Amino acid sequence: MSDVPHDGGSPVVRNILMVVAVVYLIGTVVFMVMAQGRINDLEKKQVTAQEEQAKKMTDLKASLNVLADRAGMNHKELSKKAQELQAKEHDTEPRLKADEETTKQQIGAVTSDVNGVKGEVVKVSADVTDTRNDLTVTKGKLDHAIGDLNKHSELIATSHDELEMLKHRGDRDYFEFTLQKDKTPTHLSIVSVQLKKTDPKKSKFTLYVLAEDKKIEKKDRTINEPLQFYTGRDRALFEVVVNSVDKNTVTGYLSTPKNVATTQMPSHAPSSQ
């Protein structure tokens, strides 16, 4: 058996190892060069960044100083302005309080006036409603009646308000009266009336009508009874209505045809019906 030489192997192996070693060495050198370049770039960037940061800090400090100066001036101005405003407020506060008090008084007065007007409006409204109701009731009380001559009467009134309504109708003329017992006859239109007797408990009375030289007695009549008689040139129908009877007086009205001549004075020659 022959001996194997121990001189590092075959030439091929040695060549391969040498190539590997060279490649490794070249790779290491290249990596170191690249790493160094990267380190240099990083250092440059760091320096640049530090320079930029330092410049920014410098600019910022300058800006802060400017702002600080301006802020100091504004603060002084604002302080001065605030003092001036406080002084004005101190001066105007009493006037504002006085104006406020005056305004409150005026508002109170206006409110009182408004409440008063509201009260008057409510009162007037109530009065109007009451008047309307009274008129409605009054209209309902106006009645037809048969007079003492068995003649159908016009509407008769039992109170002053009802009589005013009859007057507004304009159908006839109406003359209100109050007669005193045993007094001189009272002249109404073209006739006169005279009270002779009263009976308040029974609401009865007796009176005379003086017309065309006649004395017509209406004896023991009752209130709101039409007392009828004919007189005048055209022999027109007249009516006397007594609405109330007292101890010595009666009140009522005389109803005559429209536009009866009032210049004819009645004679008082007695005669009875």
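Trainee: What is the mean pLDDT of the chain?
Mentor: The model is predicted, and pLDDT is the predictor's confidence in each residue, from 0 to 100. In this chain, 78% of the residues reach 70 or more. The mean pLDDT of the chain is 79.

Trainee: How many contacts beyond near neighbours in sequence does the stretch of residues 1–6 have?
Mentor: Over residues 1–6 the pLDDT is below 50. Residues 263–273 also stay under 50, but there the model has 29 contacts beyond four places in sequence. For residues 1–6, the number of contacts beyond near neighbours is zero.

Trainee: In what pattern do the helices and strands follow each other along the sequence?
Mentor: The chain has two helices and eight strands.

Trainee: What share of the residues is buried?
Mentor: Buried means under 20% relative accessible area. The chain has 273 residues. The buried share of them is 22%.

Trainee: Which residue of β5 is the bridge partner of K204?
Mentor: Strand β4 covers residues 204–211, and β4 pairs with β5 in the antiparallel sense over seven bridges. K204 has its bridge partner in β5, and that partner is T222.

Trainee: Why is one side of β1 and of β6 left without a neighbour in the sheet?
Mentor: Another open sheet of four strands has the order β1-β8-β7-β6, with antiparallel pairing. In that order β1 and β6 (227–231) stand at the edges, so one side of each is left without a neighbour. The reason is that each has a single partner strand.

Trainee: Which residue of β7 does T231 stand opposite?
Mentor: The twist in the sheet β1-β8-β7-β6 averages 25° from one strand to the next. Strand β7 covers residues 236–245, and five bridges join β6 to β7, which run antiparallel. In β7, the residue opposite T231 is A236.

Trainee: At about what angle does α2 run to β1?
Mentor: Helix α2 takes in residues 160–169. The helix lies across β1 and β8 (249–256). Relative to β1, α2 runs at about 150°.

Trainee: Is E162 buried or exposed?
Mentor: E162 has its place in helix α2. A polar atom of the E162 side chain lies 2.6 Å from the backbone nitrogen of T158. With a relative accessible area of 1%, E162 is buried.

Trainee: How many salt bridges does a search of the whole structure find?
Mentor: Side chains of opposite charge can pair when their charged atoms come close. One of the pairs found here is E176 with K167, at 3.3 Å from N to O. E176, at 38% relative accessibility, counts as partly exposed, and K167, at 30%, also counts as partly exposed. The number of salt bridges in the whole structure is nine.

Trainee: How many residues apart in sequence are the parts that K196 and D182 tie together?
Mentor: The side chains of K196 and D182 meet in a salt bridge of 3.5 Å, N to O. K196 lies in strand β3 (residues 191–199), while D182 is in the loop between β1 (173–180) and β2. At 31% relative accessibility, K196 counts as partly exposed. The parts that the pair ties together are 14 residues apart.

Trainee: Does E225 count as buried or exposed?
Mentor: E225 meets R221 in a salt bridge at 3.7 Å, N to O. R221, at 22% relative accessibility, counts as partly exposed. The cut-off for buried is under 20%. At 19%, E225 counts as buried.

Trainee: Which residues do salt bridges that share partners join into one network?
Mentor: The pair of K167 and E176 belongs to this network. The residues joined are E164, K167 and E176.

Technical notes
Residues are numbered from 1 along each chain as its sequence is written. This is a predicted model: local features need pLDDT of at least 70, side-chain atom pairs count only at pLDDT 80 or more; totals for chains, interfaces and linings use all residues. Side-chain values use heavy atoms; hydrogens and water are left out. Two strands pair if DSSP finds at least two bridges between them. Buried means under 20% relative accessible area, exposed over 50%, partly exposed in between (1.4 Å probe, protein chains only). A polar contact is a pair of N or O atoms within 3.5 Å; within protein, one must be able to donate a hydrogen and the other to accept it, and residues adjacent in sequence count only if both atoms are side-chain atoms. A salt bridge is a side-chain nitrogen of Lys or Arg within 4 Å of a carboxyl oxygen of Asp or Glu. Contact means heavy atoms within 4.5 Å. Axes are lines fitted to C-alpha atoms, for helices over the stretch in contact, and angles run from 0 to 180 degrees between N-to-C directions.
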